[in-house]
Amino acid sequence: MAEMVVGLEMLHNMSPNIRHDLYYWVRHAKNSEAEVDYISNHLQVVVPIEVKADSQGGMKSLWALMRERKLHYAIRCSMENFGKFDYVDKEDNNDVRHVRICPIYAI
C-alpha cells in the first residue's frame, strides 16, 4: 500500500500535460532476487527510491543497485522523519552512498 501511495503522489506532482511513466529496477538472478521500488532522475542523475511501510527494514536491493550502477544518491520513503545518512559500502572499495529520508506523508 505504501508503494502505491508514493507512486500515485509522484505522478500527481508531475506536469499534467505530459504522460509520465513510473520506472522500477528488478534483478532476476539465481538466489539473488532484488527490486527497487522506483527509479527517477534529478538534474540528469539517476535516483533510486526505496519505499518502506515502516521505519525498519534493510535495503539490500537498494545497495545492490547502487553498487551495480555506481550510483551515489538515493531516497528512502518511510514512516521516519526527514533525515539523511551516509553508508560506507565495504563491498565496493569503501565507496560512500548518500541516502535522504523522506516521510511518506511528505511525498
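## Basis for pairing

Two strands are taken to pair if DSSP finds at least two bridges between them, and the model to which this is applied here is a predicted one. Within that scheme, Arg-27 stands opposite Ala-34 in E2.

## The sheet as a whole

The open sheet is formed by 6 strands, with mixed pairing, in the order E1-E2-E3-E4-E6-E5. Because strand E1 (23-27) and strand E5 (83-89) each have a single partner strand, they stand at the edges, and one side of each is left without a neighbour in the sheet. From one strand to the next, the twist averages 30 degrees.

Helix H1 (residues 2-12) packs on this sheet and touches strand E2 (34-42), E3 and E4, its direction making about 20 degrees with that of E2.

## Pairs and hairpins

E1 and E2 run antiparallel and are joined by 4 bridges; they form a hairpin with 6 residues between them, in whose turn Asn-31 has a positive phi of about 60 degrees. E2 and E3 also pair in the antiparallel sense, over 5 bridges, and Ile-39 has Pro-48 in E3 as its bridge partner. The hairpin of E2 and E3 has 2 residues between the strands, and Leu-43 there takes a positive phi near 55 degrees.

Strand E4 (residues 73-78) and strand E6 (residues 95-103), by contrast, run parallel and are joined by 6 bridges, with Ile-101 in E6 as the bridge partner of Arg-76.

## Surroundings of Glu-50

Glu-50 lies in strand E3 (residues 45-51), and it counts as buried because its relative accessibility is 6%. Leaving aside neighbours within four places in sequence, Glu-50 is in contact with several residues, among them Glu-35, Asp-37, Met-59 and Arg-76.

Note on methods: Residues are numbered from 1 along each chain as its sequence is written. This is a predicted model: local features need pLDDT of at least 70, side-chain atom pairs count only at pLDDT 80 or more; totals for chains, interfaces and linings use all residues. Side-chain values use heavy atoms; hydrogens and water are left out. Buried means under 20% relative accessible area, exposed over 50%, partly exposed in between (1.4 Å probe, protein chains only). Contact means heavy atoms within 4.5 Å. Axes are lines fitted to C-alpha atoms, for helices over the stretch in contact, and angles run from 0 to 180 degrees between N-to-C directions.
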